[in-house]
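Open the structure in your viewer and keep the selection tool at hand. This tour moves stop by stop.

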Amino acid sequence: PWRDCIELDHQIENIMKRILILVVTCILNTKVYAVETEVDIAKEGSCRGKEQARDGAEVTLDYDGYLQDSEGNTGKKFTSTYSLDAPFSFTIGGSEVILGLEQGLSGFCAGSELILYIPSELAYGQKGAGDTIPPGASLVFEVVIIDVKILETQYEKNLRLEAKSRADEAKRREEELERRKIAEIKAKEDYAILLAEDAKRIELIGMKAKAAHDILLAEEEKRREVAAIQVKEAEIKAKETYDRQIAEDAKRREEQQVLVRQQQELVRQELVRREEQQKLVDEELERRKVQQELVRLDLKAREDEAERRRLELIAREEQKERVADENVRRIIDQNARQHDQERRDEEEQRRLGGIKLEEELSEEEKKINQARIFFMNRRTRIRQRERDM
């Protein structure tokens, strides 16, 4: 039922679209063109079982085209399809020909012979067409419609085939019923004929021989029984044929439903498989994220450990330098005390013995001063490095 509803909605939608297009076309034609093509019917083709020319129809025709003189009569011929290898075909509404020709052909069927008087507004207007058709020229076409084909869409084709299938089925059932009725009528007629013949034979024979009459009655009864059996067999056969067709239709529908359910199950399984696959992918991504986080933490711990070791090495180097500075300072102080002691001894000796060692003392003092300056600069560099760290 829901499929029928959807198809009905599509049909209504297509009909509304066509009505809207037709209304818009009529409004535009009414606004733009105040004149129409005049049509003289030389021969009107029968439309029984044929398509009428309308928008969207493919029309095949032969024609002669003439210029119309000032008095409205046929003038010079400017075109003809009879000199071509095949008739001319075009689609109405496709802007393949002038509008007057489309208007003149609308509503006619194959076999029609027409004379179309097309005003210039519905032909080539004030521009004309090269040297053949002057500006503002009205045209006359003598047309013979050969064929009209309605170009249908795939949806319309499906609807037409489905309607044809239903009509064929209904026709087949009607023919089956008609055959049954004919068989019944024929059986009744045969029975009536037999009764009439029996009555006639009775009238002719009279009462000659009761035995012969009984034999005839028995034969007649036998013929009646045979006829009744034949009628019954025909009815049974027709019923079996009808039931078999119904069963085949039901079986075919069940098989289609099974196929649909199988396809739905396959689609559901595919969706479940994709969900499981997506879940595995998400779990793999989550595991990789955790692994990357562990690697990052491990690298950070290693970097922290390396930094700690570097700082310990720097601290040890600084400790060694401080110890060395302390040792050097002690040596310098010891040398300074020793130098002071020696200087005092020398001064005492100079007082006592008159010996002067001023140059040597100056060298000693110079070396001591140089050593002090070196260690002071080194201490300054160490403090500067600590401030930078």
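**Before you start**

This is a predicted model, in which local features need pLDDT of at least 70, side-chain atom pairs count only at pLDDT 80 or more, and totals for chains, interfaces and linings use all residues. Residues are numbered from 1 along each chain as its sequence is written, and side-chain values use heavy atoms, with hydrogens and water left out.

**Stop 1: a surface patch**

Select Ile12, Ile15, Met16 and Ile19. Together they make a nonpolar surface patch with about 380 Å² of accessible area. A patch takes residues with over 30% relative accessible area and no salt bridge; nonpolar side chains (Val, Leu, Ile, Met, Phe, Trp, Tyr) are joined within 5 Å, like charges within 9 Å. Areas come from the Shrake-Rupley method with a 1.4 Å probe, and for residues only the protein chains shown count as cover.

Now pick Met16. It sits in helix H1, residues 2–32. Helices (H or I, at least four residues) and strands (E, at least two) are DSSP runs, numbered from the N terminus. Is Met16 buried or exposed? Met16 is exposed, because its relative accessibility is 51%. The cut-offs: buried is under 20% relative accessible area, exposed is over 50%, and partly exposed is in between (1.4 Å probe, protein chains only).

**Stop 2: the largest nonpolar core**

In soluble globular proteins, nonpolar side chains tend to be buried together. Select Leu101, Leu105 and Val143. Among the 25 residues of the largest nonpolar core, these three touch the most other members. At least two residues of this core come from each of strand S2 (57–68), helix H2 (99–105), strand S5 (113–118) and strand S6 (139–150). A nonpolar core is a set of buried Ala, Val, Leu, Ile, Met, Phe, Trp, Tyr and Cys residues joined through side-chain atoms within 4.5 Å.

Centre on Leu101. Neighbours within four places in sequence aside, Leu101 is in contact with Phe90, Leu116, Ile118 and Val143. Contact means heavy atoms within 4.5 Å.

**Stop 3: a loop residue**

Go to Ser95, in the loop between strand S4 (88–91) and H2. Its phi is near 60°, a positive value in a residue other than glycine. Most residues other than glycine have a negative phi. Ser95 counts as exposed, because its relative accessibility is 67%.

**Stop 4**

The whole structure holds 25 salt bridges. Each is a side-chain nitrogen of Lys or Arg within 4 Å of a carboxyl oxygen of Asp or Glu. Select Glu220. Glu220 is buried, at 1% relative accessible area. What does Glu220 form with Arg223? A salt bridge, with the closest N and O atoms 2.3 Å apart. They are three residues apart in helix H4, so about one helical turn separates them. Glu220 also bridges to Arg224, at 3.8 Å between the closest N and O atoms.

**Stop 5**

Find Arg322 in helix H4, residues 210–353. Arg322 is partly exposed, at 39% relative accessible area. Its side chain makes a polar contact with the side chain of Gln319 at 2.9 Å. Neighbours within four places in sequence aside, Arg322 is in contact with Ala315 and Glu386. Polar contacts are pairs of N or O atoms within 3.5 Å; within protein, one must be able to donate a hydrogen and the other to accept it, and residues adjacent in sequence count only if both atoms are side-chain atoms.
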